[in-house]
Amino acid sequence: VEQIGRPLELDTDGIWCILPGSFPENYEVRTTLPKKPRVAISYPGAMLNVMVKDHFTNDQYQVLVDQEKLVYERRSENSIFFEVDGPYKAMILPASKEEGKKLKKRYAVFNEDGTLAELKGFEVKRRGELQLVKIFQSSVFEAFLNGGSLEECYQSVARVADYWLDVLYSQAENMPDSELFELISENRSMSRKLEDYGEQKSTSISTAKRLAEFLGD
C-alpha cells in the first residue's frame, strides 16, 4: 500500500488508506455464462491477495489425519484474505497533541452522500457522555465535508468551533434553560440497589443518595 498510496489507519482486521485517483479500481470480465455475462473484480483486492499468497503462504502446514498413529498431512495454508470497501468521501483522523505520537482507533468515515459510514473512539458514540460533547463532535465532523479547498474546509470547521466556544465563554446566556440543561446533563443507570454499592463513590451514586435524602426514601 505504501508504494502506491498512503496508509491512514491500521486496524486488527483492516487497512484504511488513500489511493491515487488514476489507480484502477474495478475491472469487468466478460464470461460465456448466460446468467452471469459479466463479473466485476476489485483490482486492489486482487493484487493484495496475490501478494499475500506469494509471500505469506505457509507451505509447511500440518493436519492430523490419523490420531492413533499420529500421522500428519502437509499442505499449503493461507487464511489471510482481503476485501475492498469503499471508496469513501472522507476520513477524519484527529492529530495527537504530542509530536511523534499517534492516536489509535479514533476516526470517522463518511460515505459519498455525506452519511456516516463508520465511527470509532469518539465520545459521540459512548453512553453517558454529555450531549454538549456529542453535538459538537457531530457538527465538526460534518463541517469537514464542506468547501472545495483545504482553506474553505478549515473555515467551515472554524465556524462550528467558534459557535460552541461562544456558548462556553458566554455561559450560554442566550440559550434557553431547558436547552442548556439538556446539553450539560448526564444520563446514567444503576443496575443494583443503592445500599449494595456500600462506600463506593461515583457521580451516579452521589446523585442517587442526594435524591433519596431529598425525597425521603
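Colleague: As what does Y88 count at 30% relative accessibility?
Modeller: This is a predicted model, in which local features need pLDDT of at least 70, side-chain atom pairs count only at pLDDT 80 or more, and totals for chains, interfaces and linings use all residues. Residues are numbered from 1 along each chain as its sequence is written, and side-chain values use heavy atoms, with hydrogens and water left out. Buried means under 20% relative accessible area, exposed means over 50%, and partly exposed lies in between (1.4 Å probe, protein chains only). The value for Y88 is 30% relative accessibility, so Y88 counts as partly exposed.

Colleague: How many aromatic pairs does the structure hold?
Modeller: Rings of Phe, Tyr and Trp (for Trp, the six-membered ring) pair if their centres lie within 6.5 Å; planes under 30 degrees apart count as stacked, over 60 as edge-to-face and the rest as tilted. By this rule, the number of aromatic pairs in the structure is five.

Colleague: What kind of aromatic pair do W16 and Y88 form?
Modeller: A pair of aromatic rings is described by the distance of the centres and the angle of the planes. For W16 and Y88 the centres are 5.8 Å apart and the planes stand at 50 degrees, so the pair is tilted.

Colleague: How many residues apart in sequence are the parts that the pair of W16 and Y88 ties together?
Modeller: Helices (H or I, at least four residues) and strands (E, at least two) are DSSP runs, numbered from the N terminus. W16 lies in strand β2 (residues 14–18), whereas Y88 lies in the loop between β6 (71–77) and β7 (90–92). The pair therefore ties together parts whose separation in sequence is 72 residues.

Colleague: Is W16 buried or exposed?
Modeller: W16 forms one aromatic cluster with Y88 and Y107. Its relative accessibility is 15%, so W16 counts as buried.

Colleague: What kind of aromatic pair do Y163 and W164 form?
Modeller: At 44% relative accessibility Y163 counts as partly exposed, while W164 is buried at 10%. Their ring centres are 5.0 Å apart and their planes stand at 80 degrees, so the pair is edge-to-face.

Colleague: How many salt bridges does the count come to?
Modeller: Side chains of opposite charge can pair when their charged atoms come close. A salt bridge is a side-chain nitrogen of Lys or Arg within 4 Å of a carboxyl oxygen of Asp or Glu. R38 and E28 meet in a salt bridge (3.5 Å, N to O), and E77 forms a salt bridge with R75 at 3.3 Å between the closest N and O atoms. The count by this rule comes to two.

Colleague: How far apart in sequence are the parts that the salt bridge of R38 and E28 ties together?
Modeller: The side chains of R38 and E28 meet in a salt bridge. R38 lies in strand β4 and E28 in strand β3 (residues 26–30), so the pair ties together parts with a sequence separation of ten residues.

Colleague: Which residues does S156 touch, not counting residues up to four places away in sequence?
Modeller: S156 lies in helix α3 (residues 150–169). At 4% relative accessibility, S156 counts as buried. Not counting residues up to four places away in sequence, S156 touches A143 and N146.

Colleague: What value is phi of L70 near?
Modeller: Most residues other than glycine have a negative phi, and most peptide bonds are trans. L70 lies in the loop between β5 (58–66) and β6, and L70 counts as exposed at 54% relative accessibility. Its phi is positive, in a residue other than glycine, and is near 55 degrees.

Colleague: Is A172 buried or exposed?
Modeller: A172 lies in the loop between α3 and α4 (177–184), and its phi is also positive, near 55 degrees. With a relative accessible area of 9%, A172 is buried.

Notes
Contact = heavy atoms within 4.5 Å.
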